[in-house]
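Reader: Could you walk me through this structure, one question at a time?

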Amino acid sequence: MDQLPAFSEDRNKTSARGKGRALLQRILALGLGAVLGVFLGMGMAASGTPLPSVGGSPGGFLLFLAGLFVLLWLAMLAQIVLHEAGHLIFGLAAGYRFCSFTVGGVMLVRTDGRLRLRLLSVAGMGGQCLMAPPPGRAPEEIPFVLYNLGGVLLNLLSALLFGALVLPAQGVPALSFFFLLLSLLGLVFAALNGVPMRTEMLDNDGKNTASIAKSPAARRAAWLQLAINAQMARGARLQEMPEAWFSLPDEAEWSNYMIVALAVFRANRLLDAHDIAGAAALIDRLFAADTAMAGVHRYLLAGDRIFCALLLDDAETAERLLTKRQRLLMKKMRQNPGVLRTEYALALLREKNPQQAQKLAAQFDARAAKHPYPCEVQSERELMALAAKKYAENNTAASL
């Protein structure tokens with residue numbers, strides 16, 4: 001698997017730790033899978049669900065597998081919704097205010113005082129509930145445990161509830177089995193989100209809670225991230241928000257995921273203000289440091305750095321960062337307007353292909369109408385215009 005050279009595992013001192021985490025996650029996943037399999041078998045027997053014979057009718061066996069898959073998918077979807085509902089319910093109880101609710105890339109977001117359906121897909125994220133921080137509370141005093149672990153709590157509560165319904169529903173084997181699936185997956189979701197761990201892309205709820213609990217600075221960072229998102233939902237661009245919100249944290253604190261995210265937001269703000277050189281310098285500094293930056297931030301920042309390199313005539317940096325892994329992640333996240341903006345710049349300034357750039361611009365326009373943050377779309381359009389201007393200047397210089 002390709003790694004981005006600018007933030008290699010060695011540079012971030014995560015080679016051994018990363019392998020250890022990956023091994024623990026595999027062991028946990030295998031253990032949960034084995035337990036789930038055992039309990040499924042026991043539950044199917046207890047619920048009276050008939051098990052078709054492989055040697056019997058092929059059609060009947062395939063129909064059974066299809067039904068099993070549908071029930072499993074529905075149970076997983078239900079537990080994702082319940083998990084995000086847990087964040088919402090416990091967040092409201094702690095004084096937070098609703099901003100958005102996302103499941104499977106479909107977002108319900110409050111903009112202009114109205115609820116709207118939009119699309120937003122983030123690699124590694126099955127769902128998300130974002131809320132504005134409680135008013136009248138100092139950032140360092142933000143209540144964070146209930147909001148961050150609310151999803152885990154509701155998964156656990158639902159597991160108990162659905163588990164209690166398995167036996168009473170025995171008269172309808174399919175329903176009893178579905179309750180069993182909901183119960184077991186509730187336990188799985190609670191474990192995967194509650195036990196602190198880091199995946200390739202994101203930290204889970206347990207890890208986020210542990211990061212916020214480490215210091216008042218981390219709690220302030222969590223408050224700022226929610227406040228920035230709330231302002232974006234209201235239509236404000238990063239460059240229009242208070243400068244103090246984007247003060248660069250001390251590099252000694254970049255080992256905290258919550259705090260280093262503020263440095264990521266600062267790089268985003270510099271790019272929004274068209275400070276291309278400043279954004280490039282900060283991204284290089286982030287990639288060179290020992291940080292706890294989330295994988296999704298790394299890949300998105302790598303795309304931003306590629307864009308900066310193209311505008312700064314730094315072909316070497318652009319080529320170095322444009323690995324197979326980076327291209328794959330950019331392809332997966334094409335709903336992100338920043339990703340499409342970078343691909344547009346690559347088509348114009350690296351590949352010298354205005355026809356492909358035009359197609360990407362059309363894709364951008366199609367997705368822009370469904371994006372939850374019009375202010376972000378406006379910012380990306382301006383950056384695409386900078387790339388188009390650079391292309392025109394290069395063509396003019398070449399014709400002289």
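Author: Gladly! Two strands pair if DSSP finds at least two bridges between them; strands (E, at least two residues) and helices (H or I, at least four) are DSSP runs, numbered from the N terminus. This is a predicted model, where local features need pLDDT of at least 70, side-chain atom pairs count only at pLDDT 80 or more, and totals for chains, interfaces and linings use all residues. Residues are numbered from 1 along each chain as its sequence is written, and side-chain values use heavy atoms, leaving out hydrogens and water.

Reader: What is the bridge partner of Ser-100 in S4?

Author: Strand S1 covers residues 97–103 and runs antiparallel to S4. Six bridges join these two strands. In S4, Ser-100 has as its bridge partner Leu-130.

Reader: Which strands stand at the edges of the sheet?

Author: The open sheet has four strands in the order S3-S2-S1-S4, with antiparallel pairing. Each edge strand has a single partner, so one side of it is left without a neighbour in the sheet. The edge strands are S3 (114–119) and S4 (127–132).

Reader: Is H5 parallel or oblique to H6?

Author: Helix H5 (residues 205–213) and helix H6 (residues 216–233) pack with their axes 6 Å apart, at an angle of about 125 degrees. Axes are lines fitted to C-alpha atoms, for helices over the stretch in contact (heavy atoms within 4.5 Å), and angles run from 0 to 180 degrees between N-to-C directions. Angles under 35 degrees count as roughly parallel, over 145 as roughly antiparallel, 65 to 115 as roughly perpendicular and the rest as oblique. That angle therefore makes H5, relative to H6, oblique.
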